[in-house]
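Biologist: I'd like to learn how to read sheets and salt bridges. Can you walk me through some examples?

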Amino acid sequence: MAMKFQTKLIIAILGILLAVQLATLTSVLTTTQLSVNEELEQQLQLAGNVFEQLMETRSEQLFNSASVLVSDFGFKSAAATRDSKTIQSVLANHGARIDADIVSLIDLDGVQLASSEISENLNDTAIYQQLISLAEPNGYLITNLIVDRQPFQAVVVSVDAPNRIAWALLAFSLDNNLAMQLKELTGLEVSFVSAENTGDEFVTSTMASIQSLEDLSPVGFTEEQFLAPSIWQTNNVEHLSLVLRLQSNTGQLSAVLQRPLLEAMQGFYQLRFDILLMTLVATLLAVALAIFIARSVSKPIKIFSSATQRVALGDYEARVDLNTNDEFGALAAAFNKMQEDVSVREQKISRDAHYDQLTQLPNRVLVIDRLATAIDRAERSGSQILVVAIDIDRFTEINTSLGSNTGDQVLIALAKRMVSNVRKSDTVAKVGTKDFVLILEQLERDSGFHVIEKMVDELKKVVAVGSIKLSVGFHCGMTTYPDQGRTGDELIKRANIAMQDARANRVAIQEYREGQDDEYNRRLTILTDIKRAVENDEFTLVYQPKIGIANRHVVECEALIRWIHPEQGFLPPDEFISLAEKFGIISLITKWVVNEVIKQIERWESAGLSMKVGINLSALDVKDQEFPQYVANLLNKHRVPASNLVMEITESAFVQDAEIAKAVLNQFRKMGMCIAIDDYGTGYSSLSQIRDLPVTELKIDRSFIMNLEPECSDAVIVQSTIDMGHNMGLSVTAEGVETIEGVEILESFGCDTLQGYYFSKPISADEFLPWVNAFHARPEYQPTASSELVSRTH
Amino acid sequence: MRANITNLWTASFVVIAVLTATQSLAKELSFSLVNETGDPVAMAVVTWEDSNQLEKKVGSSKAIMDQKAKAFQPYILAVSAGTEIDFPNSDSIHHHVYSFSPAKTFEIEMYAGTLSAPIIFDNPGLVVLGCNIHDVMVGYIHVSADSNFTQSDAQGLVTIDVDTESPFDITIWHPDSPLPNGSLKISSEQIEKQGGTLTFQVANTANIRNLSTPLQRRFEELRKARSEGG
């Protein structure tokens, strides 16, 4: 789990703090320890100096005492007597005066005359001679002696009467009393260690438990100990110790000055304790501070975090209440501002999502929602709902001719009228550019119908936009819940179907009829299947020959499309072609046809048949300016001359957007194709329109040809049309030629080409070539065997 | 400290002996004792062997060992055995003269002025005199068995009268000489060869004798101040 920010901050602050504290502590303690050690050593050295000074002073005092003693006339007199007993008595007497422990009188040659000490150890002429030789230059000697392992401070002085007559030796024991006195003066434990040359040590110490050198120093003496203070264990306690070598003429004498380390370090330990305590207190304070800072940072973050979650859930009401003067306060203000802005924007987006921006009416999304709610209510109350789909007639024309701004104004005005003609509880929604839906709740079908009629009457009234006044037509489709649909989708879809029906029937209001939906669905299926059919080559082409009247030869043919639907079987071309035109996907079919035809021409060419083939174009095809290039590419690809193609269009195809159609047709014509007007006579084209187009051929609609008889009205029309076409330089084809009479009449009228069941029904590409060969082989005009099959074909 | 004072330093003296020719049998030998710095060595005791003059001087000869300015006067006194010596005290202070020397052990306790009875030094030998209350005071009495002795004068001049012309041995002694027993033995021939000067190592006692302790100097100053004031 990720560490909390607060924890991180505390750890960071503490880490830095502890590092600094540790460094400081280490530095302070190390420095202090060093300084304390140094000071202790200096103290000890100083104490050593004091000790030496004290010893020296004591020696001086002893010397002075001794000097006075030997200057005593009685002493001199006794010494001069050379009487051993007298001398002994005076030594005892006078020695006691100065508390000497040993008194000896030695003659100038080093021979002991008398001594208080019977020790053989001292009564040695060699030793005396050594001492005397040392005393000789100054007349005295101050030294230390070890006698029977006991240490002594000793003075050798000359006895003058008045000239030197003897030497007196006075020695004073370095005993425990002295050690205690020195301890009082120096504050140190004092031990004297005397060792005669035999190596046997004797220890006198202020510490009662010290009896031997081993007690004092388990490792004995080392050279280092004489150089500087050192630390060793005495009585199992660490002592800072200094060993002083005392000058001695017999054996070795050392003084050991010691201080228990614990006692010496007492001040340092106190200091260290204080420092540690201060560090601890500082650390605790810092921790508290760190937590406080971390909290003061993380608390606003928590507030922001929860506020963010709240906003994410869509709650824009609660504000972040953080009235501090710092960055967090500023952030809180910014956050609140953002929250308000988001709230406003979301409301706007929500409104845009549910309402039409132009009319402020509910849109498709909302109307479905409202309808669902209405259905719920109606279901509970057992009431009815009327759903009305309204389409404005020819609104596109208004937009195109008067501008979209005017169109918008018209829509707004009409929307207002709709709203004012229904109850408040009803819903008026705008679901498309010009499509409206009404939801009328709790209304019987009949009364609802009246409401709608009344409203349509109102809507039809003149709409004034600025100076423009116009009236608009409407088509309404109506469904009723629950009879004509149980779901919102169903009701709206069926209302739309009814509305389209109304438009088709040119009525204002059309109620949905049962089954309309199925037909609509079927058409929808066909429409969606067209794409698949193109991809899967479900379409096939059949070809109907056109016979030139002059030489009775097959000169051209017309390609006609057929579709055997996998599920619905044969579908009439009129139906799916008109559907494809209506939904703007006719070019898919046309392109497929062009492709197939060109390939077929290529195949025929290779089979030795040169054939012109007519292709039916729809109105949309001639509006596609890219289309000529598409065709040209295909021709190039298959090396088929453009003159092999005849583009057939109906009159209605070029009535709309005539200029574009003209441009497209001109391109085809330039490429060398022929242009034919198909179904001529059924449309509303004028001759002037035809004259403007690069037309080469007129195909008279079959309705004029099928029942052609001499002297009938059709004959007049056909004759005049043929004449007119010829006058305009066009060739004329008659479609739907089914009888020999018709052939004869048309021949008499001077028609150029004939097409119809009299010669052949449309046949497959495979059948076509054999048929052509067979036809050309016959000398007479004979009806084909299949002429009984009279089925209407395109 | 006394030890320091008595051992301050030892100087080397050159004894210059001046030999003087004698006219008759009675021959006179003169020489000078000089230390190395050219200073004469005074009061050195010179003894010699004279086989023709063996008579002992006994009886009533007298001598005086005075005490002036906290010093024995003379420093060295050479006498023959049997001499009576007076120990007058010319100082205004008391003295306590003593001797532990085997030749004559005596003690004249605290006295001032002239002692009533002189002390007879009847045994030959060296007597070292001291004063029990003035440690710096040292004096020497050289007691000879015969009369063949003399002392160098203030100029270090020594004159010896002998009856023989044959060589004889001479002993020169001075208490401050670092030589063994403070004495030098030399033959008359050798002295003659040396051309009248003889080197004789003697500690510079004149300087030492004049030294006193700081305490004594302090008392001296006090005394002077009192007498001047009085």
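Modeller: Start with a pair of strands. In general, strands of a sheet pair through backbone hydrogen bonds, either parallel or antiparallel. In this predicted model, β8(A) pairs with strand β9 (residues 237-246) of chain A in the antiparallel sense, over five bridges.

Biologist: Which residue is the bridge partner of A:Thr234 in β9(A)?

Modeller: That's A:Val237.

Biologist: And what is the strand order of the open sheet they belong to?

Modeller: Read across it and you get β7-β6-β10-β9-β8 (chain A), five strands with antiparallel pairing. At the edges stand β7 (201-205) and β8 (230-234) of chain A; each has a single partner strand, so one side of each has no neighbour in the sheet. Ignoring direction, neighbouring strands here are turned by 35 degrees against each other on average.

Biologist: Which helices should I look for on this sheet?

Modeller: Look for α1(A), which lies across β6 (189-195), β9 and β10 (252-260) of chain A and runs at about 40 degrees to β9(A). Helix α5 (residues 176-186) of chain A also packs on the sheet, touching β6 and β7 of chain A, and its direction makes about 140 degrees with that of β6(A).

Biologist: Let me try the sheet with the order β2-β1-β5-β4-β3 (chain A). Which strands are its edges?

Modeller: This open sheet has five strands and antiparallel pairing. Its edge strands are β2 (112-115) and β3 (140-147) of chain A, as each pairs on one side only. From one strand to the next, the twist averages 25 degrees.

Biologist: How many bridges join β3(A) to β4 of chain A?

Modeller: Eight, and the two strands run antiparallel, with β4 covering residues 150-160. Within that pairing, A:Tyr140 stands opposite A:Val157 in β4(A). Helix α1 (residues 5-71) of chain A packs on this sheet, touching β3, β4 and β5 (164-173) of chain A, at about 40 degrees to the direction of β4(A). Helix α4 (residues 125-135) of chain A packs on the sheet too; it touches β1 (102-106), β2, β3, β4 and β5 of chain A, and its direction makes about 155 degrees with that of β3(A).

Biologist: Now salt bridges. What should I check?

Modeller: Check the distance, then ask which parts of the chain are linked. Over all chains, the count comes to 31 salt bridges. Take A:Arg164 and A:Glu136, whose side chains meet at 2.7 Å, N to O. A:Arg164 is in strand β5 of chain A and A:Glu136 in the loop between α4 and β3 of chain A, so the pair ties together parts 28 residues apart in sequence.

Biologist: Are A:Lys430 and A:Asp356 buried or exposed?

Modeller: Buried means under 20% relative accessible area. A:Lys430 has 8%, so it counts as buried, and A:Asp356 counts as buried at 15%. Their side chains meet in a salt bridge of 3.3 Å, N to O.

Biologist: What about A:Glu511 and A:Arg445?

Modeller: They form a salt bridge, with the closest N and O atoms 2.5 Å apart. A:Glu511 lies in strand β17 (residues 509-511) of chain A and A:Arg445 in helix α14 (residues 445-460) of chain A, 66 residues apart. A:Glu511 counts as buried at 14% relative accessibility, whereas A:Arg445 counts as partly exposed at 30%.

Biologist: Which residues are linked in a network of salt bridges?

Modeller: Look at A:Glu558, A:Glu648, A:Lys699 and A:Glu735.

Definitions and conventions:
Residues are numbered from 1 along each chain as its sequence is written. Chains are lettered from A and ligands numbered from 1 in the order in which they are written. This is a predicted model: local features need pLDDT of at least 70, side-chain atom pairs count only at pLDDT 80 or more; totals for chains, interfaces and linings use all residues. Side-chain values use heavy atoms; hydrogens and water are left out. Two strands pair if DSSP finds at least two bridges between them. Helices (H or I, at least four residues) and strands (E, at least two) are DSSP runs, numbered from the N terminus. Axes are lines fitted to C-alpha atoms, for helices over the stretch in contact, and angles run from 0 to 180 degrees between N-to-C directions. Contact means heavy atoms within 4.5 Å. A salt bridge is a side-chain nitrogen of Lys or Arg within 4 Å of a carboxyl oxygen of Asp or Glu. Buried means under 20% relative accessible area, exposed over 50%, partly exposed in between (1.4 Å probe, protein chains only).
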